[in-house]
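Please keep the sequence and the structure in view while going through the points.

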Amino acid sequence: MDHIRNARNFCELQTANRKAHGVNPLCGDIFNVYVRVEDERVVEASFQCECCGISMASASVMTETIKGRTLGEARSLYRQFERMLKEPAGIAVSGDDDQFAVLALIREFPSRVNCALLGWKTLDAALDGRPEVAIG
């Protein structure tokens, strides 16, 4: 709940050198993810959205978790997070265990999985230099 009420890095990052726009047309969530990458490492990350609380909390955790990580590590976290939500048994994610454990509960609500993934998929697009991504 804290990541919904007090989302971290909820702003446009003026120094971003990578960004992407994401949309979930099924629910209407809209995302912008901003990343500053230096020497193949995520230095800063932020987001702005018109979205539900699940999307907001997930993106807030995401921006905190990927700071300081290499591009490969950030992509790996995305893939781990997606598998955690989509696979029945789930998997552990290398990060803040408490925060990811709470987000893992979304797995029990399949219709909300895309809400939790939209920010991450938009991040993946930004890291790859793709300006847009749609989910749903």
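**Notes on helix packing and selected residues**

1. Packing of α2 and α5. Helix α2 (residues 53-66) packs against helix α5 (residues 113-128) at an angle of about 40 degrees, and their axes are 7 Å apart. The two helices are therefore oblique to each other, since an angle counts as roughly parallel under 35 degrees. The crossing by which α2 passes α5 is right-handed. On the α2 side the contact is made by Ile54, Ser55, Ser58, Met62 and Ile66, and on the α5 side by Cys115, Ala116, Gly119, Trp120 and Leu123. Sorted by class, this contact has seven nonpolar residues, three polar residues and no charged residues. Please note that the model discussed here is a predicted one.

2. Helix α2 itself. The buried residues are Ser55, Met56, Ala57, Ser58, Ala59, Ser60, Val61, Met62, Thr63, Thr65 and Ile66. Among them, Ser55, Ser58, Met62 and Ile66 also belong to the contact with α5. Just after α2 comes Gly68, which has a positive phi of about 85 degrees.

3. Packing of α3 and α5. How do the axes of α3 and α5 cross? They come within 10 Å of each other and cross at roughly 160 degrees. That angle makes α3 roughly antiparallel to α5, because angles over 145 degrees are placed in that class. The crossing is left-handed. From α3, the residues Leu71, Ala74, Arg75, Leu77, Tyr78, Phe81, Glu82, Leu85 and Lys86 take part, and they meet Val113, Ala116, Leu117, Trp120, Lys121, Asp124, Leu127 and Asp128 of α5. By class, 11 of the residues in this contact are nonpolar, none is polar and six are charged.

4. Helix α3 itself. Helix α3 covers residues 71-86, which is 16 residues, and reaches 23 Å from its first C-alpha to its last, close to the 22 Å expected. Its buried residues are Leu71, Ala74, Leu77, Tyr78, Gln80, Phe81, Glu82, Met84 and Leu85.

5. Lys86. Is Lys86 buried or partly exposed? This residue lies in α3, and at 47% relative accessibility Lys86 counts as partly exposed, because the exposed class requires over 50%. Apart from residues up to four places away in sequence, Lys86 touches Val113 and Leu117. The C-alpha atoms of Lys86 and Arg107 are separated by 6.7 Å, although the two residues are 21 residues apart along the chain.

6. The protein as a whole. There are five helices and four strands. Read from the N terminus, the elements follow the order α-β-β-β-α-α-α-α-β. Of the 136 residues in the protein, 45% are buried. Among contacts with a separation of 6 or more, 54% are between residues 24 or more positions apart.

7. Two positive phi values. Most residues other than glycine have a negative phi. Asn9 is not a glycine, yet has a positive phi of about 60 degrees; Asn9 sits in the loop between α1 (2-5) and β1 (18-24). Asp39, also not a glycine, has a positive phi of about 50 degrees and is placed in the loop between β2 (29-38) and β3 (41-50). With a relative accessibility of 79%, Asp39 counts as exposed.

8. Ala16. Which residues does Ala16 contact, leaving aside its neighbours within four places in sequence? They are Tyr34, Val35 and Arg36. Ala16 is found in the loop between α1 and β1 and is partly exposed, with a relative accessible area of 25%. The C-alpha atoms of Ala16 and Arg36 are separated by 4.4 Å, while the residues are 20 residues apart along the chain.

Note on methods. Residues numbered from 1 in each chain as written. Predicted model: local features only at pLDDT ≥ 70, side-chain atom pairs only at ≥ 80, totals over all residues. Heavy atoms only, no water. Expected span 1.5 Å × (residues − 1). Buried < 20%, exposed > 50% of the residue type's maximum accessible area, 1.4 Å probe, protein only. Axes fitted to C-alpha atoms, helices over the stretch in contact; angles between N-to-C directions. Parallel < 35°, antiparallel > 145°, perpendicular 65-115°, else oblique. Left-handed = near helix turned anticlockwise from the far one by under 90°. Contact = heavy atoms within 4.5 Å. Nonpolar A, V, L, I, M, F, W, Y, C, P; charged D, E, K, R; others polar.
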